[in-house]
Amino acid sequence: MIKAVLFDMDGILYDSEYYYMQGTIDQMRTYGYTGTDESIYQIIGTTMQRTYEILYDLLDGKVPLKTIEKNNTEYFNVKHPIPFKEIMFPDVPEALKQMKDMGLMLAVCSASSYDLIVASLKDMGIDSYFDFIESGENCPRSKPYPDIYLLAQQTLKVKKEECLVYEDSCVGIQAGISAGIRTVARIDTRFHQDQSKADIQVKDINELLALIRKENEYAGSH
């Protein structure tokens, strides 16, 4: 019986990965980066601090870490703010409502900053659906380590076998697997994320909802 769903946020609740990738690639080119776009894809699913470190390394240390952080913050917060409500996957609100109607507990476990998580959930009008919200930046270790998913599972007081992790990035999938929780990947082939370790792959949140409903109905009949 599934009692809780632990969500990643970027690429799961809204389609932000494309915006972040294009914006980051644009910035990197202005720094003189001549490597491949694919090398930049490794930032997907990481904390902001780890993102800056990866970009710093890709630039061979030629641009100060503080400069990368400052310019990135200005790019996404001032010059090109992400319209969260516009890029939210359209079926998310109704699917979350149905999950709550089924009695499920829901959590957001993201590597983004806590303030950004809360602001984007409120902007999308879905913050009230979640029983637990946390950032990997507030955990001892962020993804691919399991800390944030274990914290959510323990806080919600459910067994690991009563949870599902819903992810898209390879580091997020690894975090769910390392936590010992069944992990469902939302299929996305755009950024070369290895999703092969996921226990289950689905095309969207509706397929996830159907999976949970079927499993819980089966469990309830036995």
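The structure holds 12 salt bridges, where a salt bridge is a side-chain nitrogen of Lys or Arg within 4 Å of a carboxyl oxygen of Asp or Glu. Before the details, note that this is a predicted model: local features need pLDDT of at least 70, side-chain atom pairs count only at pLDDT 80 or more, and totals for chains, interfaces and linings use all residues. Residues are numbered from 1 along each chain as its sequence is written, and side-chain values use heavy atoms, with hydrogens and water left out.

One of the bridges joins the side chains of K100 and D131, at 2.8 Å from N to O. K100 is in helix α6 and D131 is in the loop between α7 (114–124) and β3 (132–135), so the pair ties together parts 31 residues apart in sequence. Helices (H or I, at least four residues) and strands (E, at least two) are DSSP runs, numbered from the N terminus. As for accessibility, buried means under 20% relative accessible area, exposed over 50%, and partly exposed in between, with a 1.4 Å probe and protein chains only. K100 has 26% relative accessibility and therefore counts as partly exposed. D131, at 41%, is partly exposed too.

Next, the side chains of K143 and E167 meet in a salt bridge of 2.7 Å, N to O. This pair links distant parts of the chain, 24 residues apart: K143 sits in the loop between β3 and α8 (147–155), and E167 in strand β4 (residues 163–167). Are these two buried or exposed? Both K143 and E167 are buried. They also belong to a network of salt bridges that takes in D8.

The last pair I will show is R190 with D188, whose closest N and O atoms are 2.8 Å apart. R190 is partly exposed because its relative accessibility is 37%, whereas D188, with a relative accessible area of 10%, is buried.

Now the loop residue. F89 lies between α5 (84–87) and α6 (92–101), and at 15% relative accessibility it counts as buried. What does F89 touch, beyond its neighbours within four places in sequence? The contacts are G11, I12, L13, Y14, D15 and R186, with contact meaning heavy atoms within 4.5 Å. The C-alpha atom of F89 is 9.9 Å from that of S16, and the two residues are 73 apart along the chain.

On a 1 Å grid over the protein atoms alone, a cavity is a set of points where a 1.4 Å probe fits but cannot get out, a pocket is an open set with protein on both sides within 12 Å along at least five of seven lines, and lining residues have an atom within 4 Å of a point. Grid points are joined across faces, edges and corners, and a volume is the space filled by probe spheres set on the points.

The search finds 1 cavity of 30 Å³ or more. The largest cavity has a volume of about 40 Å³, and its lining is E17, I44, D168, D188, F191, Q193 and Q195.
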